[in-house]
Structures are given as structure tokens and as C-alpha cells.
Amino acid sequence: MAFPIDPGTGKEHREFFEIDEVDGWVEVAPGIEAKVLAGSIDEAARKGHLNRLVRWAPHARIDDVKVHDFYEEVFVARGSLIVAAQTPPHTPETFNAPSFACRPPGALHGPFQAGPDGCLLFETQFYL
């Protein structure tokens with residue numbers, strides 16, 4: 001189904017819709033799945049925006065530090081996320097739902113690990 005596009009922003013017009021929590025998820029790392037809700041991002045062209053859900057199985061982890069050239073905003077909607085998990089000399093910090101992060105381009109972040117019940121994140125990624 002095609003959605004109308006706002007000519008000023010290039011964003012889709014999508015009214016409320018129910019999110020399928022079973023189908024349509026893509027594994028992005030072991031124990032971590034993502035589902036795009038709206039938009040797309042083109043890192044090569046440095047344009048676009050993306051809204052997605054990312055769900056983490058209990059204790060799933062990403063061991064590397066991330067850095068992006070786009071803005072990223074992350075809302076912990078369910079569960080908990082441990083930031084800088086097991087990375088000396090950083091002290092891991094647990095963020096329980098509801099919590100929020102806002103990262104400008106070039107910000108280092110990670111490693112990450114989900115808490116014992118996993119977590120569900122809502123992410124927005126965009127270029128200005």
C-alpha cells in the first residue's frame with residue numbers, strides 16, 4: 001500500500017495502525033530484531049529518516065561502540081538496556097523503561113546489553 005508523501009518533508013502520511021508483534025521482524029544481530037515503521041535512510045547519500053522498533057532478547061548484546069553520521073533518538077519503551085556493558089573502565093549503567101537518548105552525528109555510544117527481561121526500543125534516525 002502506498003502512502004501519500006508530504007512534499008515539504010518527504011515523509012509518509014500514515015494514520016495509526018496496529019503493529020504486528022509476530023511477523024515482519026528482521027534479525028540485525030544475534031538476539032536483536034528490528035521492524036521499520038516508516039521512512040528510509042540512505043547513508044551513502046546522507047538523506048532520509050527512519051522510524052523503527054528494535055527488540056532485544058534477554059541479555060542480548062552488541063559489544064562494539066557505534067558512531068553514526070546521522071541523528072539518532074532512542075526511547076526504551078519496555079524492559080531495560082545496559083549501556084557500556086562490560087567495557088572497562090566504563091561503569092555499566094542500566095536504563096529502565098521509560099528512558100530516552102538523543103545522539104547527534106559523531107557521538108560514540110555502546111556497547112549495549114539488554115536486561116534480564118529484554119527490551120523494546122523505538123528509534124528515530126535522520127539527517128538534517
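**Salt bridges in the predicted model**

A salt bridge, defined as a side-chain nitrogen of Lys or Arg within 4 Å of a carboxyl oxygen of Asp or Glu, joins Arg103 to Glu72, whose closest N and O atoms lie 2.8 Å apart. Arg103 belongs to strand E7 (residues 99-103) and Glu72 to strand E5, so the pair ties together parts that are 31 residues apart in sequence. Strands (E, at least two residues) are DSSP runs numbered from the N terminus. Arg103 is buried, with a relative accessible area of 15%, and Glu72 is buried at 4%; buried denotes under 20% relative accessible area, exposed over 50%, and partly exposed the range in between (1.4 Å probe, protein chains only).

The structure is a predicted model, in which local features need pLDDT of at least 70 and side-chain atom pairs count only at pLDDT 80 or more, whereas totals for chains, interfaces and linings use all residues. Residues are numbered from 1 along each chain as its sequence is written, and side-chain values use heavy atoms, with hydrogens and water left out.

In total, seven salt bridges are present. Among them is the pair of Glu21 and Arg78, with 3.5 Å between the closest N and O atoms. This pair links distant parts of the chain, 57 residues apart: Glu21 is in the segment before strand E1 (26-29), and Arg78 is in strand E5 (residues 71-83). Glu21 is partly exposed, at 47% relative accessible area, and Arg78 is likewise partly exposed, at 44%.

A further salt bridge connects Asp69 with Arg46, the closest N and O atoms being 3.6 Å apart. Asp69 is located in the loop between strand E4 (61-62) and E5, and Arg46 in the loop between strand E2 (32-42) and strand E3 (47-56). Asp69 is partly exposed at 26% relative accessibility, as is Arg46 at 49%.

Technical notes. Helices (H or I, at least four residues) and strands (E, at least two) are DSSP runs, numbered from the N terminus.
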